[in-house]
Number of protein chains: 2
Amino acid sequence: MRALVYQNNELRFTRDHSVPTKPKYNEALIRVTHAGICGTDLEITKGYMGFQGVPGHEFVGIVESCGEERFVGKRVVGEINVGCGVCPSCLNRRRNHCPNRSVLGILNKDGAFAEQLTLSNKNLHLVPDLVTDEEAVFVEPLAAAFEITQQIPLRPTDKVCVMGDGRLGLLVSQVLALTGCNLVAAGRYEEKLAIVKERGIDTTCNPDFPQNEFDVVVDCSGSAAGFDLARKWVKPRGTIVLKTTVAEREAVDLNSLVIDEVTVVGSRCGPFAPALRALAMKSVDVRPLIEKTFPLEEGVEAFHYASQKGALKVLLRI
Amino acid sequence: MRALVYQNNELRFTRDHSVPTKPKYNEALIRVTHAGICGTDLEITKGYMGFQGVPGHEFVGIVESCGEERFVGKRVVGEINVGCGVCPSCLNRRRNHCPNRSVLGILNKDGAFAEQLTLSNKNLHLVPDLVTDEEAVFVEPLAAAFEITQQIPLRPTDKVCVMGDGRLGLLVSQVLALTGCNLVAAGRYEEKLAIVKERGIDTTCNPDFPQNEFDVVVDCSGSAAGFDLARKWVKPRGTIVLKTTVAEREAVDLNSLVIDEVTVVGSRCGPFAPALRALAMKSVDVRPLIEKTFPLEEGVEAFHYASQKGALKVLLRI
């Protein structure tokens, strides 16, 4: 089948990738229709996780075969962490943290930049008719934004800063603003911030906030300097949410966290159901985040395009 | 009056310290009967906070005069942070975090190692008859232990590790164990851990726990290496509570906090009322933590004694 494959430090398009093996009883075989390129995919082509195979974890597709009848022939999106099903994490409904997990297109499992993939039935979610294919591709990162309100209570009177105007930052701003909180999205590019500004969200390219300004600061900056800025801007007893990973180990002033009783929350993958509801309700608009759509055949070019500074979401039509 | 004074890098006892100025309407004049020497006091004699004057913030005393009649002649303990009363922190009942606060015996306010002190009425708590003077001195650090359950929900099925068998660690272990949680107190000295072991709490001097063992790890180690150990031992989605301050800035693996969605909570001063209730109920026993009691006149010697490695609580009888 057609696929993008990353192997021996090279990403290439092929028409001869072997189709996924016949799925097990608890798995579905899915024909991918659209997929999105994410920062993690770009990292993978630099060696992240040592992944070899078909990358891609943001997708929408049609179920071709599946042990659960209700999915067959239907449009689905899929959670990306596949737990072992028997460890304490899995049994406590935390399969995202299963120590033996595989992760679609990231860890020990071929992903979505191919005609077909297999995925556990447990990971599937039906896509409502009100949501287009292009929108459905955003469910995975949008779920990661909803993970924040899943983890911490956000009050409508809270002052909140979202740092970063990348793909994730713009989704997080939209999701958190739904709580009614007093939010400002801080970034570098006026044209990118305009996407959320048009929805009535305060934005700034010159974030010279005073110290102790915010109840909650969400770091989607993807930069190593993000934490220190967040620490400066958050109030005593406030919360810093870490949403992006940075490569280096940072010198962090743990003392100041104690004295000001600051809480730091690491946040990763999130719940799909609220993300699908938000897309169906149009309470979040992901369409302006689409930068360009390429056919799978031009996938290597699409990766180059997505890796340009300031690029928003690049989609692949499979 | 008699007092211990820290000035020009020297701690000395004097009989000639000026008595506190006549208190304002909202303040009480208190005759101190007992006070405790805490790690912060020892740090102050090394230059911490640049404090000059009378140190001491753990105390019990009798109110000599006060605008509020109900306190006069009564035994009280006192919260140590004195807020300005008009800033947003103070108005939101967070005067512990008032940016203009003074702190008894720590910041811009003479403390408890003297015959008399003044303190805002708002900071006072009556001591129940069931609580002795010696026990009441522990209310301030015991309140700091209760701050943990004030900040994070602790479930009776949680696996919890308290790192550190110092004064604070032994109080924290006792308080957290009251929740019924599955707790182990990890430390270096068997004879110190015996204090909580006798109360039925699991202890260990050889904490070779597997990775991802605990839902909550509380770092009372007072050591810079504490955070990395806590990170290793806490489960994905677990919580690390930072209870002690360490001088250096540490290199912290922020990435791993995101991937495992770990929460880090800084924790400082706590609520006095539950600490007083626990002492009255004898649900926490602080008496075995008393190492030795010195008269105020021997305060300098008492400081030397308290600074010995492994020393527990040293009290001053005023």
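A salt bridge here is a side-chain nitrogen of Lys or Arg within 4 Å of a carboxyl oxygen of Asp or Glu. Keep that rule at hand for the tour.

**Before you start**

This is a predicted model, in which local features need pLDDT of at least 70, side-chain atom pairs count only at pLDDT 80 or more, and totals for chains, interfaces and linings use all residues. Residues are numbered from 1 along each chain as its sequence is written, chains are lettered from A and ligands numbered from 1 in the order in which they are written, and side-chain values use heavy atoms, with hydrogens and water left out.

**Stop 1: the two domains of chain A**

Select 3-138 plus 286-317 of chain A for domain 1, then 142-266 for domain 2. These bounds come from an automatic or database domain assignment. The C-alpha centres of the two domains of chain A are 28 Å apart. Where they meet, domain 1 of chain A brings 14 residues and domain 2 of chain A brings 9. Contact means heavy atoms within 4.5 Å.

Now show F138(A), L289(A) and L312(A). Together they supply 47% of the area that domain 1 of chain A buries against domain 2 of chain A, more than any other three residues. The buried area between these domains is about 960 Å², with 63% from carbon and sulfur atoms. Buried area is the accessible area (1.4 Å probe) that two parts lose on being put together, summed over both.

Look for charge pairs across this boundary: the count is 0 salt bridges. Polar contacts number 3 residue pairs, both residues at pLDDT 80 or more. A polar contact is a pair of N or O atoms within 3.5 Å; within protein, one must be able to donate a hydrogen and the other to accept it, and residues adjacent in sequence count only if both atoms are side-chain atoms.

**Stop 2: chain B against chain A**

Bring up both chains. Here 38 residues of chain B contact 37 residues of chain A. Chains A and B bury about 3400 Å² between them, 50% of it on carbon and sulfur atoms.

How many salt bridges does the rule find across the interface of chain B and chain A? There are 2. Select E147(A) and R237(B): they form a salt bridge, with the closest N and O atoms 3.3 Å apart.

**Stop 3: strand to strand**

Select β16 (residues 263-266) in chain A, then β16(B). The two strands run antiparallel and are joined by 3 bridges. Strands are DSSP runs (E, at least two residues), numbered from the N terminus, and two strands pair if DSSP finds at least two bridges between them. Pick V264(A): V264(B) stands opposite.

**Stop 4: inside chain A**

The structure holds 38 salt bridges over all chains. Select K235(A) and D215(A) for another salt bridge, with the closest N and O atoms 3.4 Å apart. K235(A) sits in β14 (residues 234-242) and D215(A) in β13 (residues 214-219), so the pair ties together parts of chain A that are 20 residues apart in sequence.

Definitions and conventions:
Helix = DSSP H or I, 4+ residues; strand = E, 2+ residues; numbered from the N terminus.
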